[in-house]
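Let's take a walk through this model together, one region at a time. Have the structure open and follow along.

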Amino acid sequence: MADRVLVIGSGGREHALAWKLAQSPQVKHVYVAPGNAGTADNGKISNSAVPISNHAALAQFCRDQEIKLVVVGPEVPLAAGIVDDLTAAGVRCFGPTAKAAQLESSKSFTKAFLDRHEIPTARWKSFSDSKAACSFINSANFPALVVKASGLAAGKGVIVASNKEEACKAVTEIMQDKTFGTAGETVVVEELLEGEEISCLCFSDGITIAPMPPAQDHKRLMDGDEGPNTGGMGAYSPAPQVKMC
């Protein structure tokens with residue numbers, strides 16, 4: 001028997017999720033909330049206006065439409081506990097709990113987690129005071145030139161500086177000018193690591209891990225790694241720097 005599925009989100013990622021889910025013979029229909037132009041009345045896929053920030057209303061919508069699975073794409077609803085609340089309401093949901101989502105929603109939490117579990121990471125320190133952050137940048141015994149808004153900033157909250165002056169300017173922009181809003185109330189100042197960057201994402205049910213192909217994310221706005229970081233433009237997969245077994 002085919003089931004109905006709800007995808008949460010409105011970007012290209014959610015479009016791709018809905019497109020792939022709709023190909024399954026086990027899926028009768030895919031709703032996307034709020035969705036986008038590409039997911040509006042597209043075969044087995046349609047948009048829904050159900051408010052995704054109102055978890056009680058969302059759970060009721062799932063019951064009314066007999067939705068058997070909710071797949072969450074964006075980080076913000078995950079950090080807000082959408083999986084916790086829907087699961088408590090008896091709705092099956094694919095995505096991390098709010099506690100697990102801290103690995104994405106708080107860079108300072110993630111860096112402390114990596115240190116605690118002895119997972120290699122660039123040297124770092126977090127700050128809630130801009131003067132202390134700049135003092136650290138100027139006195140660190142390594143190039144502390146990467147400044148990150150600790151919270152969620154739609155993939156744009158990282159500034160890679162070319163010198164200490166630029167790094168301190170980034171701290172001021174994030175913490176005092178509020179370039180990234182409340183996401184920058186805490187900043188992580190990190191060691192600059194040079195070289196190729198590869199991302200390897202995995203699906204997991206808490207027991208089994210299924211890796212996706214490695215990808216490389218060219219985030220700079222202009223050619224030659226120039227300009228500010230973007231939300232992820234220019235990503236490609238597979239990445240030739242990593243050989244799949």
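Which residues of helix α1 (residues 12–22) are buried? They are E14, A18 and A22, where buried means under 20% relative accessible area and exposed over 50%, with partly exposed in between (1.4 Å probe, protein chains only). Helices here are DSSP runs of H or I with at least four residues, strands are runs of E with at least two, and both are numbered from the N terminus.

Before going on, please keep in mind that this is a predicted model, in which local features need pLDDT of at least 70 and side-chain atom pairs count only at pLDDT 80 or more, while totals for chains, interfaces and linings use all residues. Residues are numbered from 1 along each chain as its sequence is written, and side-chain values use heavy atoms, leaving out hydrogens and water.

Back to α1: E14, A18 and A22 are the buried residues. They cover an arc of only 65° around the axis, so they sit on the same side of α1; the arc is taken from the directions from the helix axis to the C-beta atoms. An α-helix has 3.6 residues a turn, so residues three or four places apart point the same way. On the face turned away from the buried side you will find the exposed residues G12, W19 and K20. The cover over the buried residues of α1 includes β1 (3–9), β2 (27–34) and β3 (45–47), with contact meaning heavy atoms within 4.5 Å.

Next, look at the loop between α4 (82–88) and β5 (93–94), where V91 lies. V91 is buried, with a relative accessible area of 6%. Leaving aside residues up to four places away in sequence, V91 touches A59, C62, V70 and L86.

Now for the nonpolar cores, each a set of buried Ala, Val, Leu, Ile, Met, Phe, Trp, Tyr and Cys residues joined through side-chain atoms within 4.5 Å. The largest has 22 residues, and F136, I137, V147, V171, V187 and V189 touch the most other members. Two or more residues come from each of α7 (130–139), β7 (146–149), α8 (164–175) and β9 (187–190). The most come from α8, which gives six residues. A second, separate core has 19 residues, including L6, A33, C62 and C93.

Finally, turn to helix α5 (residues 98–105) and helix α6 (residues 107–116). Here Q102, L103, E104 and S105 in α5 meet K107, F109, T110 and F113 in α6.

Definitions and conventions
Axes fitted to C-alpha atoms, helices over the stretch in contact; angles between N-to-C directions.
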